[in-house]
Amino acid sequence: MIEIRNLHAEIDGKKIINGLSLTVNDGEVAAIMGPNGSGKSTLSYVISGRAGYEVTGGEILLNGENILEMNAAERAAKGVFLAFQYPLEIPGVTTMTFLKACLNAQRKSRGEAELTTPDFMKRVKAGAEKLGVPQDMLRRALNVGFSGGEKKRMEVLQMSLLEPTFAILDETDSGLDIDALRIVSEGVNALRDPKRSFLVITHYQRLLDYIVPDTVHVMSKGQIVKTGAKELALELEANGYRDFVGEAA
Amino acid sequence: MLGDVKAAHSAAEEKLVAEFARARGSLPGAAPVGALRDAAFEAFKSAGLPTRRVEAWHYTDLRMAMRDALPVAPAPKADASLKQKLEKLAPRIADLETTRLVLVDGYFVAELSDVTPKGVTVTALSEALAKGDAAFVEALSAPGMGQGDAALALNTAFMQGGVIIDVAAGTHVAQPIEMIALSSEMSAHAVYARSLLRVGKGAQVTLIEREVSTASQIEQRNHALVVSVADEAQVEHVFVPAILKSASTYVASLLAILGAKASFNSFTLVQGGGLLRRQIHMRFDGEHAKGQLAGASVLRNKDHADTTLVVQHVAAHCQSREYFKTVLDGESTGIYQGKVIVAPGAQKTDGAMKSHAILLSDDATMNNKPELEIFADDVVCGHGATVAQLDEDQVFYAMARGLPKPVAESMLLEAFVDEATDRVESEPVRVYLTSLIGQWLSQRGAA
Amino acid sequence: MAAVQETVDRVKSVDVDAYKYGFVSDIESEKAPKGLNEDIVRFISAKKNEPAWLTEWRLEAYRLWLTMREPDWARVDYPKINYQDLYYYSAPKSTPGPKNIDEVDPELLRVYEKLGIPLREQEILAGVQERRVAVDAVFDSVSVATTFKAELAKAGVIFCPISEAVHTHPELVKKYLGSVVPTSDNYYATLNSAVFSDGSFVYIPPGVRCPMELSTYFRINEQNTGQFERTLIIADKGSYVSYLEGCTAPKRDENQLHAAVVELITLDDAEIKYSTVQNWYPGDADGKGGIYNFVTKRGDCRGARSKISWTQVETGSAITWKYPSCILRGDESRGEFYSIAISNGRQQVDSGTKMIHLGKNTTSRIISKGISAGRSNNTYRGQVLAQKRATNARNFTNCDSLLIGETCGAHTIPYIEAKNASAVFEHEATTSKISEDQLFYCMQRGLSAEEATALIVNGFVRDVLQQLPMEFAVEAQKLISISLEGSVG
């Protein structure tokens, strides 16, 4: 469960998040929708601990523990996962190497034993199969030369291996065709779990046809301006954001 | 021990010392200019003519090439024969109206030149030097650029001709300015021309430097152009040096300084003729400026053409592009040296440099030295250099479609060079450059 | 992927003081008096009981050296070296000459144990190592032990200290010594020719594939002592050898001089693969102390279809001046250069290669990865030349630089010279940094900043690491991480 209380954050002295409060319960899938520039991506970076974003007020509690003092790696070990809108390429580092390094770093930081190579291989192969990630992709350098769809699938594969308690999907639908969108969504749905919560950031309603949220929040000017059930997304699709943008001002 | 290595002056160096003593009194300029000349000549004297021991001259030994030093050309008389020669050798570029400035043996000849448009002021170098205005002398000497270069020092010491072009801030000069340099060819002589193009804030101008010679006499040319591009100004520049008689030597320097958000695009077409060294220094003093240096060299016989660039990124957020093509036939030698320096603090620099060469003969030589010198971490810089022959498969493909071999080769070579000329903004100028390259190619079979 | 984890672990296990080979061993030594003159040259020659021709060869080099100037064209900056203030000969007292391993001073054996280099064959055989490596250990100026000699001899391979080869195989030494790097070659090589004390000698007979990897481990121990080894490797027709070289030195406040010469010769169809992991003491963070590494390494592909491949991982030394080169004399011969050069602190690296294409259909490949951090400067300097006769010469060069931090420099100076129309040369170079985005991405997946940097750097150098023999690759990988310690905030 994640609780964000009266969060204020800025970058380069520019205020982006202005007293945002939001709770996502265990097992809940919450969607955040909002126009461009409303601060959706910034929120995902502030939660995951990207350097350069200054939190000037409020707190973020993950299962009751304030994570604001932790760096990105420590938060990841606590169970925060961000599926990037634009996953990064890391030349020369094979996907397999990367996955193992990350998984074991997190396990170690939680005081768990590292996985043996056969155990690790078993898990990766199973996960990859489910998402239709071919074996040769795992031997290629991470995200280098991957198509948009392949990169997004790789994000979901990482999520399934790292088993986060709180996952943020940042515009996961961007750049995906319908087939890729379905595969990625099925991957995410398979990970829905009573102990895991999701925050799905999207600009369009389309993704929410596939990943059906429990709650929908509308974000504008760094605040949540409206909260409702999944029907709210349809309403937004029909009428646009105009009705809500004014409220935050 | 260093002293022992530096041998006594060569015959040409001795001659230059004598020539400077002889000409010093008649060279134009007020007292501060005299001091500038003396200091430059002292610097030259202690360094001597550049040899391959000087890293920036790694592939061109000017000391070896200059067996003799020729006397400084005297001021010409602007008579009818010169006008005829000008019309014959430098016909108008098709579809292009230009404002012509004519220089003969480096001296500006107002009688042969057009009236300049509003916002553009033209002054002969001698006149400007006589006034000796401090700001002008500083601009002309481009402090911090090409320091330690003995050939440039020689230009400063002897500068006898040239022209100062001032473009007032905000002026958009519609017609390109065409600087035509003509050789009187009255005798074997040396020309030391120094020109300055000052472009005010937000102004826009195109400068075409076009040189012509019938190559009847051996010449020694040392030419320098300083271009100062103020903030937000835009300058297009094209340089077509003359094809000099073999055994001639030519050092053509360009020193360009760019202000913030300025843009500078320069192209050089070298068509051989003796020894030619094109050296360009470009410096980014203000942020968010863009500079492009491009060029093509087409060489044959014993042509020796050296293109040496130094690009200094001092300010952050600037973009530089260098793009050069060389075609080498006969026993020619081509050189490309490009150095991109990113100073500490010049973050977000974006630099890309390319040099491509095609060797058509086993007796030709291409030397490439593309250097990077990086002192800032957040930059994207790269260079690429290739040397190859014409693609035999492509030649065969064209021949299989019925083209005779020379035609097929010419077509492919033209396409190769076009990738460089394409970087020239003005279409009529591009067509003009392509026609010159076409002439060079058409002489290939004949040679 | 196991290796990456190992890297990460190693980084953690290393103490703050990163140079773990910095201990000094208390071993009694015998030295020649300080300074250099003809008598010292004769003294060294006499110590080795050398034949007259070699003494004369050294003296000739010495006299030539007196007339030469120290090169100043490299991008390195250091105070003038007083060549009269150095010892040119130092030998551990207890070992007057190469001996049976059991007679080697146990203290010395412990030094090598501490360095992780087993010199006792039975230990190696009993150990977990799958591949066996024959080792020649050179301590200061003298070879102290060579392992697996008997087994190599069975295959006809000669692997011994060069001081021994002078006596046992004078015809080979006389024929090949100085035939690739002539005594007149350059200031440091000439000095080496005058005073070289020891080094390894390898001869692989025709058609023999050397049954194991050969290795020399260099260690400078003495203070104020220059080390001048000389390595000579000859691969006769159709033979193959893989040779590894490692180096360490104690931490000392003074700079120490290392001026080695390595000569490789391949005859028809022969191949030499030469790998180096250079980890001389780099000096402290303020640039105090460290080794001046002025090394001349050159291979001569004398025979047709022969091949020489240099792979180097350069992490140590205060100053590195080193250009392992290939002369591609034989038709269809091939030269390769794979390099990782890492500089941190105040280190200065000026390194690269020369590929001189002389024969027909010769090919070469250069992959260079430079990483600069701290206040260091890292220069790639390379030459690719096709002479007139070198029809169809081919070269591919790729030079990438990575900068970590704002106070270091990365430079690329290639000389590409084609005198033959059929030559095809391609050269690419890039400079980049580890992006904040990449670091954040890795950290979001749970890696610390240091782990993330190590991972990204290992990816950057992967093409070169793959060229190293397995054991060396692991060692190199951990060295890379250690070398970059403290370079990320």
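**Ground rules.** I number residues from 1 along each chain as its sequence is written, and chains are lettered from A, with ligands numbered from 1, in the order in which they are written. Since the model is predicted, local features need pLDDT of at least 70 and side-chain atom pairs count only at pLDDT 80 or more, while totals for chains, interfaces and linings use all residues.

**Chain B by itself.** I looked up the secondary structure and found 11 helices and 19 strands in chain B, where helices (H or I, at least four residues) and strands (E, at least two) are DSSP runs numbered from the N terminus. The C-alpha trace of chain B spans about 70 × 60 × 50 Å along its principal axes. I also noted that 53% of the 447 residues in chain B are buried, that is, have 20 or more other C-beta atoms within 10 Å of their own, with C-beta atoms placed from the backbone.

**Neighbours.** I then turned to contacts, which I take as two residues whose C-beta atoms, placed from the backbone, lie within 7 Å. Of the 2 pairs of chains that touch, chains B and C have the most contacts, whereas chain A and chain B do not touch, their nearest C-alpha atoms being 16 Å apart.

**The B–C side.** I found 33 residues of chain B in contact with 33 residues of chain C. On the side of chain B that touches chain C, β18 (365-374) and β19 (380-388) each supply at least two residues, and β18(B) gives the most, with 10 residues.

Terms used
Buried ≥ 20, exposed ≤ 12 C-beta atoms within 10 Å, placed from the backbone.
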